[in-house]
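Below is a short report on a single protein chain.

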Amino acid sequence: MIKTPIGILFALFVLVMTPTWAGAGSPENLGGGVSGFVTDKETGETLVGATVRLKGTTLGTVTNKSGFYAIAGLGSGSYTLVVSFVGYQKQEVAVTLDDAESKKINVILLPEALRGKEVVVEGNRFETDRQ
């Protein structure tokens, strides 16, 4: 979580500036957006570098050092937010936006053990005479 005044100011700055950075100020991109924090369910810690994308589109982002994300320039409609992070279960969240509406959607991910196939390591020892 954001605990310092500087962290709060940074989050507000990102929230305000994201539409500008994403080109949302141009007429063809006017609209709302989604933003929020991604956290670990067990510890409550924010997750840095989690992937947040809109299913069926090319739009997405990753969480910053505060676990915050923002996707701007969205028109009205229904979207599915897909949030993933290595070692956690993927989460999908349905979002409906009206014209120029912005919503705050905090997402909590549940840790998941990574499972892989069994690996067998074999070795042979060759003896050589050293001179």
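Is E92 buried, partly exposed or exposed? E92 is partly exposed, with a relative accessible area of 41%. Here buried means under 20% relative accessible area, exposed means over 50%, and partly exposed is in between (1.4 Å probe, protein chains only).

This is a predicted model: local features need pLDDT of at least 70, side-chain atom pairs count only at pLDDT 80 or more, and totals for chains, interfaces and linings use all residues. Residues are numbered from 1 along each chain as its sequence is written, and side-chain values use heavy atoms, with hydrogens and water left out.

Strands (E, at least two residues) and helices (H or I, at least four) are DSSP runs, numbered from the N terminus. Strand 1 spans 32–40. It is mostly covered, with nine of its nine residues buried. Two strands pair if DSSP finds at least two bridges between them. The table lists pairings of strand 1.

| Partner | Sense | Bridges |
|---|---|---|
| Strand 4 (residues 68–74) | antiparallel | six bridges |
| Strand 7 (102–104) | parallel | three bridges |
| Strand 8 (residues 107–109) | parallel | three bridges |

Individual bridge partners show how the strands line up. G32 has L74 in strand 4 as its bridge partner. V34 has K103 in strand 7, and D40 has L109 in strand 8. Strand 4 is itself largely enclosed by the rest of the structure, because six of its seven residues are buried.

Four strands form an open sheet in the order 3-2-5-6, with antiparallel pairing. Strand 3 and strand 6 are the edge strands, and each pairs on one side only. Neighbouring strands of this sheet are turned by 20 degrees against each other on average, direction ignored. That angle uses axes, which are lines fitted to C-alpha atoms (for helices over the stretch in contact); angles run from 0 to 180 degrees between N-to-C directions. Strand 2 and strand 3 are joined by three bridges in the antiparallel sense. V52 stands opposite T61 in strand 3.

**Side-chain contacts**

How many salt bridges does a search of the whole structure find? It finds one. A salt bridge is a side-chain nitrogen of Lys or Arg within 4 Å of a carboxyl oxygen of Asp or Glu. The pair is K55 and E92, with the closest N and O atoms 3.3 Å apart. K55 lies in the loop between strand 2 (51–54) and strand 3 (60–62), and E92 in strand 6 (residues 91–97), so the pair ties together parts that are 37 residues apart in sequence. K55 is partly exposed, at a relative accessible area of 44%.

T46 sits in the loop between strand 1 and strand 2. It counts as buried, at 17% relative accessibility. A polar atom of its side chain lies 3.5 Å from the backbone oxygen of S66.

The structure holds two aromatic pairs. One of them joins F85 and Y88: the ring centres are 5.6 Å apart and the planes are at 50 degrees, so the pair is tilted. Rings of Phe, Tyr and Trp (its six-membered ring) pair if their centres lie within 6.5 Å; planes under 30 degrees apart count as stacked, over 60 as edge-to-face and the rest as tilted. F85 is partly exposed at 25% relative accessibility, whereas Y88 is buried at 16%.

**A backbone detail**

A100 has a positive phi of about 55 degrees, although it is not a glycine. A100 lies in the loop between strand 6 and strand 7. It is exposed, with a relative accessible area of 59%.

Conventions. Polar contact = N/O pair within 3.5 Å; in protein donor to acceptor, adjacent residues only side chain to side chain.
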